[in-house]
Structures are given as structure tokens and as C-alpha cells.
Amino acid sequence: MNSVTDIWENVLRQLRGTLSETTIATWFDELRIVDIRGNTCYLHCASDFKRGYLESLFLNNIKASLRDIFSVDFEVKILDDAGLLELQGGPAPRRQADRFTYAEFTFENFVVGPSNKLAHAASMAVAERPAQNYNPLLIYGDSGLGKTHLLYAIANVIRRNDPAAKIVYIKGDEFINEFIELVRSGRGSEFRAKYREADLLLVDDVQFVAGKEQVQNEFFHTFNTLYESGRQIVLTSDRPPSEMTLLDDRLRTRFEWGLLADVTPPDFETRLAIVKNKAALLGMDLPDKIAVQIAQKVTANVRQLEGTVNKVLAYKELLDRDTDEATVDRAMQDILKGSNEYIPTPEAILAYVSRYYQLEESVVTGQQRVRSAVEARQIAMYLIRVMTNLSQDNIGQLFGNRDHSTVIHSIRQVEQKMKKDPAFAEMVKELKTNITAKH
């Protein structure tokens with residue numbers, strides 16, 4: 001089941017390129033992959049209403065995503081409960097509340113290396129002794145490095161030790177959508193009960209709550225209720241709280257109460273171990289030279305490494321292709337073509353922004369306070385922060401040895417103006433797109 005689950009994750013990533021997150025959260029939340037047999041993909045949705053809506057509006061999108069992944073056409077069938085039973089001869093698939101029983105979301109299946117050792121150790125400590133060691137635990141780092149895996153692993157252990165534990169998992173953007181929907185419908189008390197009565201609250205991508213006043217206020221009170229009653233809170237984000245410029249200070253302080261643990265891109269040895277571990281989980285005999293080939297060339301994140309192994313297996317099982325270097329090259333090309341592997345240098349970003357504003361780079365990095373220089377300086381700092389791995393301290397050094405607090409202020413100014421001024425936001429977006437297109 002691992003391979004088809006990963007295929008569905010790839011499909012959802014493809015769909016996010018054409019559909020909004022709200023659409024995905026609203027209509028795809030109950031849709032689960034069941035099996036792939038031949039060139040037919042079987043999905044299950046228990047809701048008759050949502051199933052009909054998916055079939056009428058999104059079936060072609062799903063087919064197009066599968067075709068993009070495998071380069072062949074697929075039929076897609078969305079089954080109801082009866083159809084699922086007929087296909088499998090067994091019970092319906094597990095719902096979200098039981099997702100933590102999936103075998104792949106465990107500490108045993110998590111490959112530990114220098115890039116994630118602290119986050120792994122802290123997660124294990126929290127799982128064995130919730131609310132006693134690190135509360136909250138906040139794991140931060142770029143997408144695809146294993147943060148969600150650690151969340152699920154914590155929940156797996158707690159579920160095993162206490163089957164009656166109430167575990168609530170939510171993504172930051174879904175928390176926002178759910179809050180808005182239930183408050184609008186007058187069901188705010190239902191929303192609060194769900195989160196404030198949890199024994200374990202897991203929030204993925206908590207950075208999404210920043211800048212949204214009512215949501216932050218609700219999350220603040222939820223956090224306090226759980227913390228004061230001795231319940232465990234585990235959060236993930238793409239950056240540390242100090243860099244969430246639109247986050248309320250009271251939430252930032254609370255996020256820093258426990259332990260902050262970062263995860264970074266894995267080194268070669270860890271990548272190789274991840275490739276071999278994934279292949280073993282899939283029951284795949286992957287030659288060492290092929291594992292090395294993948295580990296050497298796919299360097300961005302764990303998700304792409306696992307996706308490449310999964311695609312190699314899919315080629316082998318579904319298209320009867322040999323596991324050779326040519327097949328691996330094709331799999332890597334398909335996995336990487338939808339992601340932006342190009343990371344511009346800070347110098348390239350500074351140069352482009354300077355040319356855009358028709359200013360010398362020395363003016364943009366200097367002390368001049370004329371409006372165009374200040375705006376170019378702030379935008380350049382913002383783009384360097386969101387497009388590269390450069391720290392705020394290092395960004396400050398690039399701009400005349402400015403203090404990191406000045407960098408934070410500049411980033412906050414750009415983010416706030418983007419929220420208020422659509423034309424300005426579009427201009428910043430265009431700058432980012434043009435810089436990316438330069439490689």
C-alpha cells in the first residue's frame with residue numbers, strides 16, 4: 001500500500017499546481033487511493049455528494065496528473081463504500097483519525113542523520129513522556145525533510161501507549177479554513193471543543209496562522225488551555241518563530257517555551273540510507289549502484305528521494321521496465337521537473353532588484369533614505385530571505401552590516417504592504433518569477 005499512497009501524494013502535489021488549497025481541502029479531504037490495477041486507478045470517497053462533485057468537476061484533473069507522472073493514460077474510478085467492499089472484499093479504508101496506525105509513519109522507519117538528529121531525539125522523548133519534557137516542541141525546516149513523519153511517529157507511540165488518547169492533527173491552513181467555516185455557521189463551540197479537549201495536538205505548517213488576527217487569537221487561547229492542563233503540543237513550520245514576522249509576540253513567546261529543533265537537507269550518507277530504507281519498505285531489490293545514483297543526484301529533500309524510488313518501482317511493476325540507470329534518470333527527471341531546483345544567489349537577487357529600480361547596487365545596500373532606495377532595499381532583503389537559505393544575520397552583512405532586527409523589520413514591511421496593496425504584491429511576485437527564470 002506504500003507505493004500507491006506515495007503515488008497519490010504525487011497526484012495531490014500536481015493538483016496543487018492548478019487547484020487552490022481551499023478546493024483541495026474542501027473536496028479532496030475524504031478522497032483516498034485504494035489501488036492501481038493495470039491502467040486503472042481506484043479511489044474511495046464515502047460521501048455521495050462529494051463523490052459526485054469530484055466526478056463531474058475534477059476527474060479530468062486527476063487523469064491529467066496521473067498521465068503527467070507516468071506518461072500513460074489512466075482510467076479513474078471513484079468508489080462508494082459498496083464498490084470498495086466489492087473491490088477489496090474487506091473493510092473500508094481508515095479515516096484520518098486512524099492515520100497514525102500506518103506502518104510507514106514510525107520512528108523505526110525514520111532515517112536519522114546529522115541533519116535531523118536533534119529533532120528525532122526530541123520527538124522520541126515527547127512521544128514517551130508527553131508534556132513532561134518539551135512542551136511545545138516545534139520542528140522547523142524546509143518542505144520535504146521529514147517534519148510530518150516525526151509528527152505521525154509521535155502520535156503512533158502515544159496511540160500505542162494510550163489507545164484512548166485523543167489525538168488531533170491539523171495543517172495550519174486547514175485550521176484557518178475550519179475556524180472560518182465553523183464560526184460563520186455559528187458552531188464556534190464545536191471548533192473549540194475539538195482542539196481544546198485534545199490530549200495531543202499536532203499542527204503542521206503552523207506559520208500559516210501568522211498575520212490572521214482572529215485565528216491567532218483562537219490559537220492563543222487553545223494553546224493556553226492545552227498547556228495549562230498538561231497536554232502535549234507539537235508544531236512544525238518552515239522557519240523558527242523569530243522569523244515569522246507577522247506572528248503575534250504572545251504566540252511567538254509561547255512557541256519558544258519548549259524546544260526548537262531544526263531539520264536541514266540530508267548529507268550524502270543519509271540520503272543513501274533513505275533510498276535503501278525506502279526500497280526495503282517497498283520490498284524492492286535496488287542495486288547499490290542505482291541507490292548511489294539516486295542519492296548523488298537528488299539532493300533537495302527526503303520527499304523527492306522517496307518519490308524517485310517509488311517511481312522506479314512503479315515503472316518496474318506497471319510498465320515492466322528494468323531497474324537500470326536509464327529508468328532511474330527518467331524517474332528523477334519526472335520527479336524534479338515539477339519542482340524548482342534553482343536557488344538564486346543573494347548576489348543575483350540583489351543585482352536584479354537593483355537593475356529593476358535602475359539603481360547602483362551600492363545604493364541599494366547603502367544608507368540612502370530616498371524612497372526608491374528604501375523600497376528596493378527592503379524588497380531585496382525579502383526576496384533573499386524567501387528564495388535562499390541565507391540567515392537574517394548574513395543578509396544584514398550583505399546590506400552594509402545591518403543588524404538582524406533591521407532585516408526583520410524590512411521583511412515585515414514588505415509582507416504587510418503585499419497584504420494591503422495588490423499591485424505591489426503582484427510586482428514583488430513578478431520580480432521573484434523573473435529572477436527564477438534567469439537560470
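Here are some notes on a sheet, the helices around it and a group of aromatic rings.

1. Before you start, keep in mind that this is a predicted model, where local features need pLDDT of at least 70, side-chain atom pairs count only at pLDDT 80 or more, and totals for chains, interfaces and linings use all residues. Residues are numbered from 1 along each chain as its sequence is written, and side-chain values use heavy atoms, with hydrogens and water left out.

2. Start with the open sheet: five strands in the order S5-S6-S7-S4-S8, with parallel pairing. Strands (E, at least two residues) and helices (H or I, at least four) are DSSP runs numbered from the N terminus, and two strands pair if DSSP finds at least two bridges between them. S5 (167-171) and S8 (259-262) each have a single partner strand, so one side of each has no neighbour in the sheet.

3. Now look at the pairings themselves. Five bridges join S5 to S6, and Val-168 stands opposite Leu-201 in S6. Strand S4 (residues 137-140) is joined to S8 by four bridges, with Tyr-140 opposite Asp-262.

4. What packs on the sheet? Helix H8 (residues 172-184) does, touching S5 and S6 (200-204). Helix H10 (residues 213-228) also packs there, touching S6 and S7 (232-237). Contact here means heavy atoms within 4.5 Å.

5. Check out helix H9 (residues 188-196), where Gly-188, Phe-191 and Tyr-195 are buried. Buried means under 20% relative accessible area, exposed over 50%, and partly exposed in between (1.4 Å probe, protein chains only). The cover over those buried residues includes S5, H8, S6 and H10. S5 is mostly covered too, with four of its five residues buried.

6. Rings of Phe, Tyr and Trp (its six-membered ring) pair if their centres lie within 6.5 Å; planes under 30 degrees apart count as stacked, over 60 as edge-to-face and the rest as tilted. That rule gives 14 aromatic pairs. In one of them, Phe-175 and Phe-219 have ring centres 5.4 Å apart and planes at 80 degrees, so the pair is edge-to-face. Phe-175 lies in H8 and Phe-219 in H10, so the pair ties together parts that are 44 residues apart in sequence.

7. Follow Phe-219 onward: its ring and that of Phe-255 have centres 6.0 Å apart and planes at 85 degrees, so this pair is edge-to-face. Phe-255 is buried, with a relative accessible area of 0%. Ring pairs link a cluster whose members include Phe-175, Phe-219, Phe-255 and Trp-257.

Note on methods. Axes are lines fitted to C-alpha atoms, for helices over the stretch in contact, and angles run from 0 to 180 degrees between N-to-C directions.
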